[in-house]
Every structure is written in structure tokens, then in C-alpha cells.
Amino acid sequence: MTIDFSPLLAWPYLAALTLVAVVLAALGIWRGVRGAWIRAAALAAFCLALANPVLFQEEREPLSTIVAVVVDRSQSQENGDRRAQTDQALEGLKERLSRFPQIEARIVEAADGEETEAPSTRLFGALTTALADVPPARVGGAIFITDGQIHDVPDVNQKLGFDAPVHALISGKPDEFDRRIEIVSAPRFGIVGEQQRMTFRVVDDGAAPGGSAEVTIRLNGNEIATEQAEPGTDVPFTFTVPRGGNNILEFAVNPVAGEVTETNNRAVHVLDGIRENLRVLLVSGEPHAGERAWRNLLKSDAAVDLVHFTILRPPEKQDGTPINELSLIAFPTRELFVDKISEFDLIIFDRYQHRGVLPILYYDNIAQYVQNGGALLIAAGPEHAGDDSIAATPLAAVLPATPTGVMNEKAFFPRLSEEGKKHPVTRGLEGAADEPPAWGRWFRTVDVDRPLGQTVMEAADGKPLLVLNRVGKGRVAMLLSDQGWLWARGFEGGGPHVSLYRRTAHWLMQEPALEEEALTARAMGRTLEITRQTIEGDPGQATLTYPSGRTQEVTLTEGEPGLYKAEVETNEIGLFEVANDELTTLVHVGNVDAPEFKAAISTEEKIEPWAEKTKGLVRRLASADGPVDLPSILPVRGAVRVADDQRLSLRMTDETVLKGIDSLSLFAGLFGLAALLFLISATWYREGR
């Protein structure tokens with residue numbers, strides 16, 4: 001309740017009038033005039049009436065005290081019975097806070113960080129957001145329900161934006177331990193065939209049993225090494241990059257009985273293999289119209305080092321022309337096919353026939369080169385059906401088809417076979433979907449017996465045209481026509497010769513993206529895309545194993561012939577495993593260095609400095625084997641100056657909200673009029689005596 005003035009005259013005039021009244025009253029009192037005191041009271045009442053005093057009374061309502069309850073819903077809370085403890089604690093805390101009508105609880109559930117961030121537990125960020133619209137004076141405290149692995153704890157010297165206790169109720173067991181593995185350093189790229197060095201480390205958190213740990217190392221799904229590692233010690237590892245494209249290294253440390261989680265017992269690193277200028281040997285048996293199609297394609301690729309030889313004159317052709325006028329350099333057969341054959345990534349025989357230029361033993365060398373992982377392409381013409389065909393040499397051991405000795409002389413549109421529509425080498429070739437195909441015709445093929453491997457393109461009457469086959473560790477392709485140059489020259493509109501030749505060459509050199517049976521997965525934010533390439537038909541369901549260990553059957557849907565896909569929205573972060581038939585693949589969702597996976601044991605250490613500073617309480621929800629035990633609530637008026645080690649102290653606010661104001665003018669109405677009349681009447685009465 002307050003009194004204010006709303007004068008009927010401006011303050012200067014009122015002050016002057018009051019001064020005159022004071023002088024007159026003082027003069028009367030000084031002279032002892034009869035009734036002077038009553039006159040003074042009347043003048044005072046008159047001046048007070050002109051000052052117009054007003055009585056104000058405010059109607060206020062007390063505001064509630066805001067208490068933020070931040071619940072940790074990060075992935076680490078899935079370990080053991082932490083989620084159950086958290087749920088129990090949350091329900092119990094809600095019930096206890098509800099006993100105090102003046103307390104308003106704000107429940108904030110904080111999951112892992114956003115997709116664009118490394119997955120982490122950011123509880124203080126969630127707290128700041130929850131209290132953004134609350135004046136600091138109304139905040140009674142903050143209560144965290146967490147395993148203690150908080151990754152955005154501010155420095156204790158910073159300000160939170162409010163002056164109230166910070167408490168933490170810790171889920172998990174007090175004696176937890178965990179073993180994990182992490183990659184310390186690793187290259188992002190590597191040259192195929194060269195050695196690369198990386199470093200990994202095994203880390204024991206908590207009361208771990210100690211001792212050395214066995215680490216199994218896999219490269220592209222194949223086990224390549226087993227190492228012994230002392231926890232906390234960096235271990236170097238050297239390996240050879242086996243192929244171009246993605247190479248997945250997996251490090252798995254054997255689990256320890258009783259550890260918190262096995263989720264972080266594996267770590268992956270993806271290394272892109274780069275071929276250091278592919279070395280291709282192109283041997284043309286004789287000049288012909290299609291010879292430049294292969295040469296131009298290979299020369300146009302800056303990543304290809306091409307060695308090209310053409311046999312200008314076979315040994316049986318003796319016309320007296322000097323050798324130095326026929327060839328710029330001699331054909332270095334021994335150097336190419338004995339000494340340096342293993343240095344080539346691909347050997348191409350383009351219309352080549354056996355005429356004694358290569359000793360018969362060299363064909364056996366080429367066959368062994370393929371068996372050991374090399375690549376061979378035969379671009380055949382009429383010579384392949386003749387008596388001097390290389391199919392009659394030891395090279396026949398690796399060729400997928402044997403010529404019958406007949407040439408099929410008939411115009412045809414090259415078509416994809418049923419396997420070819422699914423095979424990544426030929427699937428989706430431009431123009432293949434039309435009937436007839438939207439490309440030019442060819443006019444002859446080499447007739448062969450039933451071929452091995454996959455016939456991906458067919459000629460007239462369903463005869464084989466392009467055959468692909470695996471032999472030992474290597475691969476062989478046979479193009480049973482020399483008419484591909486017609487596409488290169490634009491005959492009848494041409495055709496996709498560049499795509500066909502390039503894909504065939506890269507399949508031969510074992511490009512992972514062109515594998516006919518492959519299972520791959522990639523992460524796009526929290527969405528997992530699974531791709532299954534197959535030429536065998538519907539592969540069935542894929543099994544997805546989450547980082548937490550739970551599994552899910554995923555239905556793969558055919559998007560293109562031989563290409564099945566599925567997308568899965570994930571709510572976990574970490575290393576996922578996908579399996580289908582005999583194939584498996586790994587994919588990491590989220591940042592591989594995410595803080596969420598660097599430590600998994602529950603801890604009180606990270607939040608304790610803030611609890612100590614704000615007079616809060618840090619306490620475990622349960623003992624090793626006991627039930628959840630919640631501390632009671634202690635409302636405190638004014639600042640919390642002493643920490644209570646048994647109760648959650650909350651600072652109660654004194655803030656109120658103004659609901660309305662009542663005002664009363666003291667000299668207005670009957671009261672003011674009665675006071676003035678009384679004093680004036682008293683003056684007259686005294687004068688009349």
C-alpha cells in the first residue's frame with residue numbers, strides 16, 4: 001500500500017499558496033490569536049486537499065519457481081540398466097516435485113547431438129534452451145538425470161545465467177569398467193599396391209582387469225592380422241592397399257567379461273585406394289579399322305599409362321623390306337611377358353594371332369599372370385577362328401570360350417542378355433532399353449562353344465558377344481567381334497562404345513563398384529542406404545545389426561535389374577553391420593571420432609565442479625545391486641549458502657506478478673468534504689465564543 005499525490009494545481013503555485021498559509025498560521029500562533037491552531041489545521045487541510053493525496057493498493061500473485069529436469073537420452077544410456085534407472089528416477093522426481101504447488105518442473109529430454117555434429121551428450125545446451133524464456137530470479141535449480149558422460153560441460157568459471165543449485169543423479173553402477181579401441185592416426189588415401197602405416201590404441205576405462213588385449217584386423221572383410229596391444233599404448237600397423245576405391249579396415253578387440261558395452265570394441269577406417277597410373281599393354285595383331293578405337297579410349301584417360309605394339313609384318317611374310325623401315329622399335333617380348341608382366345594391370349590382345357612372334361612358353365606366363373590376379377581382354381576377329389588362334393596355345397587354360405572355327409556373318413543389333421541386364425558392366429547402357437536397341441548394327445562374330453562365366457551381350461540368334469569370367473584371382477573378358485569401331489565411327493547412329501569398353505576394362509581391373517555380387521551401405525545423416533548388387537535373382541532380406549547389438553530384418557526392393565536397395569532410419573550412432581547371403585559390410589553412422597563412444601562408464605567427475613560451486617548434490621541413483629533411491633526435495637527461501645548432502649536444495653523465488661491496482665483519493669468525495677467542513681465549522685465556532 002502506497003500514497004502518491006496528484007495535485008490540482010501545478011506544484012509551484014501550490015508551494016506558493018502553502019507558504020502563504022504557513023506564514024499566516026505562524027503569525028496567528030505567534031500573536032496568540034484566539035483559534036489560531038484551528039485556523040492552521042484548516043489551512044493545512046485546504047493545502048492537502050489541493051495536493052490531492054491518493055492511496056494505492058497493488059494486487060499481486062506469487063510466481064512459481066522453475067526447476068529444470070534434464071534427462072539424458074543419449075545412446076550411452078542404453079548400456080546395462082541405465083535407462084530403467086533413469087525412467088524410475090524421472091517418475092519419482094515428478095511425484096516429489098508435484099508436492100510443492102509453487103514449483104513448476106520443466107522436463108527436458110536430450111538425445112544425441114544433431115546429425116551435422118559428432119554424436120555427443122549436450123545436456124547444458126538443452127538446459128540453456130529450456131530456460132531461455134525464464135528470468136534468472138525464477139530459476140530454482142537444475143537437476144540432471146544422466147550417466148555423467150556430458151560433453152558440453154562449461155568451464156566452472158563461466159556463468160550459467162542463473163544463481164541456483166545444479167544437481168546430478170547418476171545412473172549406472174559405481175564399479176563399472178569398459179575396454180574400447182580407437183584409431184589414433186590413419187591415412188585417408190593410399191596408392192594401390194603400396195604399404196600404408198596407421199596407429200591404433202586400446203583403452204581401458206574404470207577398474208579394468210588389465211593385461212594385454214588381442215586385436216583382430218580385417219581388410220575388406222578378410223582377416224589379415226592379429227596383434228597384441230597393451231592398453232593405453234599406441235600400436236603401429238602396416239598394410240598394403242589391395243584395390244582402388246573404398247577399402248574398409250576393421251579393428252576389433254576381444255571383449256572383457258563384465259564390461260559396460262561391446263559397442264566400442266570395434267573401430268573402422270575407410271581408405272580410398274588410388275591407382276598410380278594404370279599400366280595397360282595393348283598388343284594389336286595387325287592394323288585394322290577398329291585398332292584406334294581401343295587406342296583412343298585408353299590414351300584419353302590421363303590415369304592410364306599405355307604401352308601399344310602392333311605387329312606390322314608377321315614372320316612368314318618375307319618381302320625383302322629392311323627391318324629398320326618396318327618398325328620404330330623391336331617388339332621386346334621377353335621384357336614384357338617375362339620380366340615385367342606383373343607390373344601391368346591389364347593386357348589386351350586386339351585381333352592377335354599366334355604366328356611365332358611370342359614363344360609358346362610366354363602364353364603360359366600370361367595364363368599364370370591371370371591366375372595370380374591379372375586381367376586379360378581378348379578383342380577377337382576372324383583370326384580367332386583360324387588355325388593360328390591363340391585359343392590353340394596354353395592361353396586356352398584361362399579363356400572362357402573356345403572358337404568352333406566358324407565366323408557368323410550376319411547383321412545384328414548387339415543386345416544385352418538376361419544376365420547383362422543385371423550385370424554392372426552392361427546394365428543401363430544408353431539405348432539398351434529400346435527394341436531394337438537404339439544403336440547401330442554389327443555384322444560378324446566369332447562362333448564359340450558354350451562359354452564359361454557370364455555372357456552379358458549377345459549377337460545374332462543369341463550367340464555370345466561379350467563374355468566375362470573369373471579365373472583364379474584374375475579375370476578374363478572376350479569380345480567376340482571386331483566391329484565395335486562401327487559405333488565409334490557413328491555408323492547408323494553409333495553406340496555407347498566408350499561406356500562399354502571403359503566398364504569392361506575397369507571390371508577386369510577389379511573395380512569394386514562393378515562387382516556383380518556386392519553388398520554396400522552408406523550413411524546419409526541418420527538414414528542408412530543398403531545396396532545389393534546381384535545377377536542371381538532376389539537376394540531376400542538383409543540383416544542389419546545395430547551398435548547396441550539388436551538386429552533388424554530389412555526388405556530389399558529391386559530398383560533396377562540386379563540392383564536392390566533399402567533405406568533405414570536409424571536412432572543409434574556407431575558401427576552397423578549388414579549381412580545378406582555370404583556377404584557382409586560395415587558402415588559407420590555419425591562421426592567416427594564422436595565423443596559419445598570414447599567413454600562409456602558412468603562418472604560423477606564431470607559434473608561435480610558445478611555442483612560444488614552452486615551448493616548442489618551429485619549422487620548415484622543406486623548402489624551396485626540396490627534399488628533406485630531418490631533424495632528428498634528441500635525448498636530454501638533466499639540464496640542457498642550451504643550444500644545438503646542428503647537433499648536436493650531448491651531456491652524458491654520471491655517474484656510476483658501484478659494482477660491489478662486499487663486507488664483512493666483521500667480528499668475526494670464525502671471524506672474530504674467532511675474534513676474541510678469540520679475544520680471550517682470549528683473555526684467559526686471558536687470565533688463565536
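Reply: Gladly! Let's start with a word we will need: two residues are in contact when heavy atoms lie within 4.5 Å. Keep in mind that this is a predicted model. Among contacts in the chain with a separation of 6 or more, 72% are between residues 24 or more positions apart.

Me: What is the chain made of, and how much of it is buried?

Reply: The chain has twelve helices and 36 strands. Of its 689 residues, 47% are buried.

Me: Why is Q77 called buried?

Reply: Buried means under 20% relative accessible area. Q77 has 1% relative accessibility, so Q77 counts as buried. Its place is in the loop between β3 (65-72) and α3 (82-97).

Me: What does Q77 touch, leaving aside its neighbours within four places in sequence?

Reply: Its contacts are D72, R82, R83, T86, I145, T146, D147 and S171.

Me: What makes the phi angles of E492 and D581 worth a look?

Reply: Most residues other than glycine have a negative phi. E492 is not a glycine, yet has a positive phi of about 50°. D581, also a residue other than glycine, has a positive phi near 55°. E492 is found in the loop between α9 (485-488) and α10, while D581 lies in the loop between β31 (574-580) and β32 (583-589).

Me: How do you know whether the peptide bond from E435 to P436 is cis or trans?

Reply: Look at omega, which is near -5° for this bond: the bond is cis. Most peptide bonds are trans. P436 is found in the loop between α8 (418-422) and β21 (442-448).

Me: How do you know that β13 and β14 pair?

Reply: Two strands pair if there are at least two bridges between them. Strands β13 (residues 245-253) and β14 (residues 266-274) have eight bridges, so they meet that cut-off; their sense is antiparallel. A252 stands opposite R266 in β14.

Me: Which sheet are they in, and why are β8 and β11 said to stand at the edges?

Reply: The sheet is open and has five strands, in the order β8-β14-β13-β10-β11, with mixed pairing. β8 (189-191) and β11 (222-229) each have a single partner strand, so one side of each is left without a neighbour in the sheet. From one strand to the next, the twist averages 30°.

Me: What about the hairpin of β27 and β28?

Reply: Strands β27 (residues 542-545) and β28 (residues 551-554) pair in the antiparallel sense over four bridges. T545 stands opposite T551 in β28. Five residues sit between the strands, and G549 takes a positive phi near 105°.

Me: Which residues touch the most other members in the largest nonpolar core?

Reply: They are W294, L346, I348 and M457, in a core of 38 residues. Helix α10 (residues 497-508) gives the most to this core, with five residues. Apart from it lies another core of 36 residues, including L376 and I390.

Conventions:
Residues are numbered from 1 along each chain as its sequence is written. This is a predicted model: local features need pLDDT of at least 70, side-chain atom pairs count only at pLDDT 80 or more; totals for chains, interfaces and linings use all residues. Side-chain values use heavy atoms; hydrogens and water are left out. Helices (H or I, at least four residues) and strands (E, at least two) are DSSP runs, numbered from the N terminus. Buried means under 20% relative accessible area, exposed over 50%, partly exposed in between (1.4 Å probe, protein chains only). Axes are lines fitted to C-alpha atoms, for helices over the stretch in contact, and angles run from 0 to 180 degrees between N-to-C directions. A nonpolar core is a set of buried Ala, Val, Leu, Ile, Met, Phe, Trp, Tyr and Cys residues joined through side-chain atoms within 4.5 Å.
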